[in-house]
Amino acid sequence: MPLQCQPVPEPTITPNQWGLLRRLYSFARPYRRRFYLSLGLAIGLALLTPVRPWLIQQTVNIYIAQNLAEMLIWVTIIQVGLLLMETAIRFLFSFQTAWLGQAVVRDLRLNVFRHITHLNLRQFDRTPIGTLTTRTINDLESINDVFADGLIPILADLLSIACVLTYMFWTDWQLTLLALIPLPILLVATYFFKESTRRSFQKVRNAVSDLNAFVQEHLTGMSLVQAFVAEAREEKKFDSINKQHRNANIQAIFAYSVFFPVVEIVLALSIGAVVWWTSHEALILQESRQGIVISFILCLNLLFRPLRVIADKFNVLQMGVIAGERVFKVLDNPDFLPDTPNPLPADRPIAGAIRYEHVSFSYLPDQPVLHDIHFEVKPGETLAIVGTTGSGKSTIINLLTRLYPMDSGTIWLDGEPIERYDWRDLRRHIGVVLQDVFLFSGSIFDNLTLHNPSISRQQVEQAARMIGMHEFISRLPKGYDQPVMERGSNLSLGQRQLLSFVRALLYDPAVLVLDEATSSVDPESERLIQRATETLIRGRTSILIAHRLSTVQKADRILVLEKGRILESGRHEELIERNGTYARMVRNSQHAGSLNEAAPKG
């Protein structure tokens, strides 16, 4: 089943969410000049809005009525100038608000990504990757809308409405009240439109989250889907989610299709009321009202133009605040490694002496994975850890690199608790080669150096020669610049593994960890990896974790783990003589190997 994202909460702005809105706008503080410029432009637009209707009223009532041709020309020039000025200010306003939104989103996205990369790994165990992706991409785009189409544009529209209404009441308050009689119809329509689109957008966002999670999960597991001929079944599931997305969008489209004609009808009713009343006055009082009629028609258009979109903008503001709340939950997540106060010097030489002292750990409360682990590795020694799947082998390494915090106990490195080291320096001293080698999209050179500018091409080639990969890389069409596809899918498992050895050697760690480094490769690749391993561990404290017991027999000491406890410890020969768990594992391994050799080939 695909990961289902949590529904978006009801987007109603509460006092707490006004606080969120203030926090969002606090990120605009570095760009306060542009922020204040946007506010100034909004005020300028609002003040300019009723000027043109007033000039038209004066033109019709005075200059045309009195046949003042010269003044009429000057007023026309002023009108064109005002129109150009308003266009320029509106362009600047739109550009400034959009620029401000993009700048804030850039800063927020960088902060979110930086915070995510510093979270403890257990957060990734609990949170679907699709959810974090949505927070970093989709939700932040909604926050951009808060600036581009949210609070400042809403304030600009409200100021414009206030200025137009002020002018209309100043010109003729009775006619203004008459023109506003149909306004309650618009207010009711706006309320229902806002509620309808709010629900629709909520469904759209939930459907988008479900689509993202489904697609990401199934693209990652496509080999499994195809292996079990599940394409048709998964297509039906995707079609169901896709229909939810379509239906939610259609509901929003329907709301827009109803609302905008209602606005036009209300506008027509208001204009009709103005024309009827002024015509009635002209017939009874024999008083010309052409200037006011034209002016009010323009004012009503200027009044209804922001009213058409203000409900939509308010929905955008609400959704942006909800998105901000989701983003701030990521930023406020305290489960990350803080900087170590008064850490040991970064240039402190590391000999590689490791001691685990009564270490216990659990991923979930009351479900311990390691129980009172105690062992020691001397500088330059090789320790092998063996055990069944789930016995806690990889967890021991995760604690050494501080990827997870211990429940109790102490891990010492060169006589100092690992908490005394800055976690960045600690991880630089510990090289880890995993069974599932991860390669990024990019060149082989970039994957080996991880974009570290201090590593030269000569150093990379020298390390590749030591591991035995230089000839293979040189035969590639572009050599070290050969592109690597996502996750290294254009390379074999053994080649990816050997590249990870080169990468570890380049960083020259004092402590080396090989986690299941040969468990899934063919015999030829295993021989190459064995030779590379001997090169890599020479002169280093090394910890080998393996299912294949043949890879650990030369270790200085072997730990046997079972259900998070150390059952046995000693050299290979010693453990065989004890005839305990390790000896039984060796016999089972040899028996499995003889069966494989006896199996028919081809």
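Phe95 counts as partly exposed, at 43% relative accessibility (buried is under 20%, exposed over 50%, partly exposed in between, with a 1.4 Å probe and protein chains only). Phe95 sits in helix α4, residues 69-118 (helices are DSSP runs of H or I, at least four residues, and strands runs of E, at least two, numbered from the N terminus). A quick word on the model: it is predicted, so local features need pLDDT of at least 70 and side-chain atom pairs 80 or more, while totals for chains, interfaces and linings use all residues. Residues are numbered from 1 along each chain, and side-chain values use heavy atoms, leaving out hydrogens and water.

Glu86 is buried at 6%, whereas Arg90 is partly exposed at 32%.

Now over to the sheet. Its 4 strands run in the order β2-β1-β4-β5, open and antiparallel (strands pair if DSSP finds at least two bridges between them). β2 (367-377) and β5 (416-417) are at the edges with a single partner strand each, so one side of each has no neighbour in the sheet. β1 (residues 354-364) pairs with β2 over 7 bridges, and Tyr356 has Phe375 in β2 as its bridge partner.

One more salt bridge: Arg540 and Asp508 meet at 2.5 Å, N to O. Both lie in loops, so the pair ties together parts 32 residues apart in sequence. Arg540 is buried at 9%, but Asp508 is exposed at 54%.

Terms used:
A salt bridge is a side-chain nitrogen of Lys or Arg within 4 Å of a carboxyl oxygen of Asp or Glu.
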